[in-house]
Amino acid sequence: WKLVRFCDPWSERPVPDQWELYNLDQDPTEYTNLLVFDGAFPTPIAQPPAWTSTDEIVAVATELHAELQRQEAWLLSPYPSAHPSAGAVS
């Protein structure tokens with residue numbers, strides 16, 4: 001399984017995170033994102049492939065999200081309140 005989060009911590013106007021979830025055994029080319037990309041986490045897609053279910057998608061996404069939070073707390077330093085170049089004109 002692979003969970004992907006898109007976020008912009010430097011944005012002056014934060015937007016909600018966007019999500020992708022793939023089962024790499026069943027979908028090695030990452031063709032089918034099993035989560036609604038810009039939905040509330042973890043919202044499974046309406047019609048998942050036959051090899052999974054909405055319950056499995058939610059369970060795996062929730063488990064991986066917890067691991068992501070543990071890894072981020074351990075490995076990343078907190079983001080500053082504003083990006084040094086935010087609002088700069090080039």
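Reply: In this predicted model, the residues of helix α1 that are buried include I57, V60, A61 and H65. These four residues lie on the same side of α1, because they cover an arc of only 140° around the axis. An α-helix has 3.6 residues a turn, so residues three or four places apart point the same way. On the other side of α1, D55, E63, A73 and W74 are exposed.

As for its dimensions, α1 spans residues 54–75, 22 residues in total. From the first C-alpha to the last, α1 reaches 31 Å, close to the 32 Å expected at 1.5 Å a residue.

The exposed W74 also belongs to a nonpolar patch on the surface, which W74 forms with L75 and L76. Together these three residues have about 400 Å² of accessible area. L76 lies in the segment after α1. L76 has 48% relative accessibility and therefore counts as partly exposed, since that class lies between the 20% limit for buried and the 50% limit for exposed.

For the chain as a whole, 20% of the 90 residues count as buried. The accessible surface of the chain comes to about 6,500 Å², and 54% of this belongs to carbon and sulfur atoms. Among contacts between residues at least 6 apart in sequence, 31% join residues at least 24 apart.

Terms used. Residues are numbered from 1 along each chain as its sequence is written. This is a predicted model: local features need pLDDT of at least 70, side-chain atom pairs count only at pLDDT 80 or more; totals for chains, interfaces and linings use all residues. Side-chain values use heavy atoms; hydrogens and water are left out. Helices (H or I, at least four residues) and strands (E, at least two) are DSSP runs, numbered from the N terminus. The expected span of a helix is 1.5 Å times one less than its number of residues. Buried means under 20% relative accessible area, exposed over 50%, partly exposed in between (1.4 Å probe, protein chains only). The arc is that of the directions from the helix axis to the C-beta atoms. Patches are made of residues with over 30% relative accessible area and no salt bridge: like charges are joined within 9 Å, nonpolar side chains (Val, Leu, Ile, Met, Phe, Trp, Tyr) within 5 Å. Accessible areas come from the Shrake-Rupley method with a 1.4 Å probe; for residues, only the protein chains shown count as cover. A salt bridge is a side-chain nitrogen of Lys or Arg within 4 Å of a carboxyl oxygen of Asp or Glu. Contact means heavy atoms within 4.5 Å.
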